[in-house]
Amino acid sequence: KACAIALAECGATVLCVARSADKLAATVAEIEAAGGKGVALTCDVGSRDSVQGLFENVEADFQKLDIIVNNAGITRDTLLPRMTDEQWDDVIQTNLTSCFLFCREASKMMMSARYGRIINMTSVSGLIGNPGQTNYSASKAGMIGLTRSLARELGKRKVTVNAVAPGFIESDMTRALGADTLKEVVKRIPANRLGQADDVAAAVVFLASSAASFVNGQVLTVDGGMTC
């Protein structure tokens, strides 16, 4: 949501995509209240047919796509010996397969236009791993490999592909860890605080901008120095 609002503030028409129409409506309303332009589009991001249909509609209605932010992510945490096939498959499908599907469709439009910015939301868990998150860490590490490979494929077409790797950001996902755990987490962060959604949004806006035209295949870590 913070990324969508920040991009809208910079003048982008933002196509907000999720399965829940209600959540999208709230984001679009906030964008429009600030004078921006937002459009709500529902899609099951892990479904090939759903994603293909979405892009067909986008191309028909807007003719081009300048920026895409692949931000879908879920967790199904447990230690690996206890992890079920469903817990593994759900996370890989939502986090990594969705990124592949959206990058594949977006790249076709961007190569044709000879311009584009693809930004994939990975995680520090994809860089250093995290106990109880082998599925999540694997999905986020996979996004980094996808990002770097695709950057090499598309760079000659003036399409950049980069990733943002947030650390512990204040959100519903991190609040579920509990106050005691978060206190211990903050001790590991040189900035001595959790990150905010706006910290991540600022990184996305930079990578989407003309100022980042020579930045390609990179992972911009936004973690307050935790992994430095």
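How many bridges pair strand 4 (residues 116-121) with strand 5 (residues 159-166), and in which sense do the two strands run? In this predicted model, the two strands pair in the parallel sense over six bridges.

That pairing belongs to an open sheet of four strands, ordered 3-4-5-6, with parallel pairing. Strand 3 (67-70) and strand 6 (219-222) stand at the edges and have a single partner strand each, so one side of each is left without a neighbour in the sheet. From one strand to the next, the twist averages 20°.

Let's take a look at strand 4 and its partners. On one side, strand 3 runs parallel to strand 4 and is joined to it by four bridges. Strand 3, helix 4 (residues 85-113) and strand 4 together make a right-handed β-α-β unit. Some bridge partners in these pairings are listed here.

| Residue | Bridge partner | Strand of the partner |
|---|---|---|
| isoleucine 67 | arginine 117 | strand 4 |
| asparagine 120 | alanine 163 | strand 5 |
| methionine 121 | valine 164 | strand 5 |

Is strand 4 mostly covered or mostly open? Strand 4 is mostly covered, with six of its six residues buried.

Conventions. Residues numbered from 1 in each chain as written. Predicted model: local features only at pLDDT ≥ 70, side-chain atom pairs only at ≥ 80, totals over all residues. Heavy atoms only, no water. Pairing = 2+ DSSP bridges. Axes fitted to C-alpha atoms, helices over the stretch in contact; angles between N-to-C directions. Buried < 20%, exposed > 50% of the residue type's maximum accessible area, 1.4 Å probe, protein only. Right-handed = clockwise from strand over helix to strand, strands pointing away.
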